[in-house]
Amino acid sequence: MRAVLQAISEELARLKAEGEQVVPVSEEALAGLRALVKARTPSAPERVPERTPAPAPASRGEPARAAAAAFAEPVAPTIKLAPAAPAKALPPPPVVTLPEGDKAARWAALKELATQHPVCLEHVRPGKKAVLGVGSLDAKIFFVGEAPGAEEEVQGEPFVGPAGQLLTKMIGAMGLKREQVYIGNIMCWRPQMPTPPGAEQVGNRPPTVEEMAFCLPFLRASIEIVQPEILVALGGTAAQGLLGAQFTTLGAVRGKWHDFAGKPLMVTYHPSYLLRNASNKSKRAVWEDLLQVMERAGLPISDKQRGYFK
Ligand code: URA
């Protein structure tokens, strides 16, 4: 019993370190937990975890919280985790003015501006990099993720870790190569977690609204340079960053067309979500969103592709 409680406590600590603040719990699991705690400390009063009526927008790695919102299942009771460390106050978002020149020259200037911006550098730990984007400057499709993670801030390239490998496979399933699309993030830096000096950051947290607002001009400028036909927001945080006040829940905006900077925007789940919830239902949902993107981009779609995950 002690081992079970220990495992649960470790998992909650891990989720908290990743930035999760709310974890849905089924009635059945709650009953089991109550029984365990009661048996362990018979005199302890029973504690009922708080209920959260509307789950907050999903974050990178968005696990059960996002699924609850997306599949509109009855709202589960939740255990609230303490919030992650507050972010530093930020100056107003930068005004990005792109130089004259061809796409490559303008992008190189933007990359220098974003990755060497003093505020971005201030938020990057020693030895790590700020990250702009990667891919074809003539891409029809522009994917937008949340923020660099551990591997991305080392390499200075978005989506090179496990989620990135899955994204590359998803792009492949669309009949494209990673080099044919453009991949960017809402954030240029990895949102920091409290980490002792000299230690490696463990886990990720979602960016704050202020952090997203600060970095957004760099993403807007990237879109202005690439001029893609279609934007694809990966996950709730990217969707929230792009849709602003129009964002409600991931479940409400996913699989539908929106608009950002005059471009059609499709919202789908983040690949990290699929890594944690590799059910056919989740994969199918993402694939249906990507089929819509392919159709709108005029990409050929074979019967085999239409049948994936059916
Ligand atoms: N997740 C993101 O949203 N972006 C990355 O670059 C990597 C993981």
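This is a predicted model: local features need pLDDT of at least 70, side-chain atom pairs count only at pLDDT 80 or more; totals for chains, interfaces and linings use all residues.
The protein has 310 residues, and 47% of them count as buried. Its secondary structure consists of 13 helices and eight strands. Among contacts with a separation of 6 or more, 74% join residues 24 or more positions apart.

**Helix 8**

Helix 8 covers residues 209–226. Of its 18 residues, 13 are buried, so the helix is largely enclosed by the rest of the structure. At 1.5 Å a residue, helix 8 should span 26 Å, and its end C-alpha atoms are 25 Å apart, which agrees. The helix has a kink of about 40 degrees at cysteine 215, shortly before proline 217.

**Contact with helix 4**

Helix 4 is made up of residues 103–115. The axes of helix 4 and helix 8 come within 10 Å and cross at roughly 170 degrees. Angles over 145 degrees count as roughly antiparallel, so helix 4 is roughly antiparallel to helix 8. On the helix 4 side, the contact is made by Lys103, Arg106, Trp107, Leu110, Leu113 and Ala114. Helix 8 contributes Phe218, Ala221, Ser222, Glu224, Ile225 and Val226. By type, the residues of this contact divide into eight nonpolar, one polar and three charged.

**Residues with a positive phi**

Most residues other than glycine have a negative phi. Phenylalanine 159 is not a glycine, yet has a positive phi of about 50 degrees. Phenylalanine 159 is found in the loop between helix 6 (150–155) and helix 7 (162–173). Glutamine 227 also has a positive phi, near 50 degrees, in a residue other than glycine.

**Aspartate 289**

Aspartate 289 is found in helix 12, residues 280–297. Leaving aside neighbours within four places in sequence, aspartate 289 is in contact with Arg254, Gly255, Met266, Val267 and Thr268. The list thus includes one charged residue type, arginine, at Arg254.

The cut-off for buried is under 20% relative accessible area, and for exposed it is over 50%.

| Residue | Relative accessibility | Class |
|---|---|---|
| Aspartate 289 | 1% | buried |
| Phenylalanine 159 | 5% | buried |
| Glutamine 227 | 45% | partly exposed |

Definitions and conventions: Residues are numbered from 1 along each chain as its sequence is written. Side-chain values use heavy atoms; hydrogens and water are left out. Axes are lines fitted to C-alpha atoms, for helices over the stretch in contact, and angles run from 0 to 180 degrees between N-to-C directions. Helices (H or I, at least four residues) and strands (E, at least two) are DSSP runs, numbered from the N terminus. Angles under 35 degrees count as roughly parallel, over 145 as roughly antiparallel, 65 to 115 as roughly perpendicular and the rest as oblique. Contact means heavy atoms within 4.5 Å. The expected span of a helix is 1.5 Å times one less than its number of residues. The bend at a residue is the angle between axes fitted to the seven residues ending there and the seven starting there. Buried means under 20% relative accessible area, exposed over 50%, partly exposed in between (1.4 Å probe, protein chains only).
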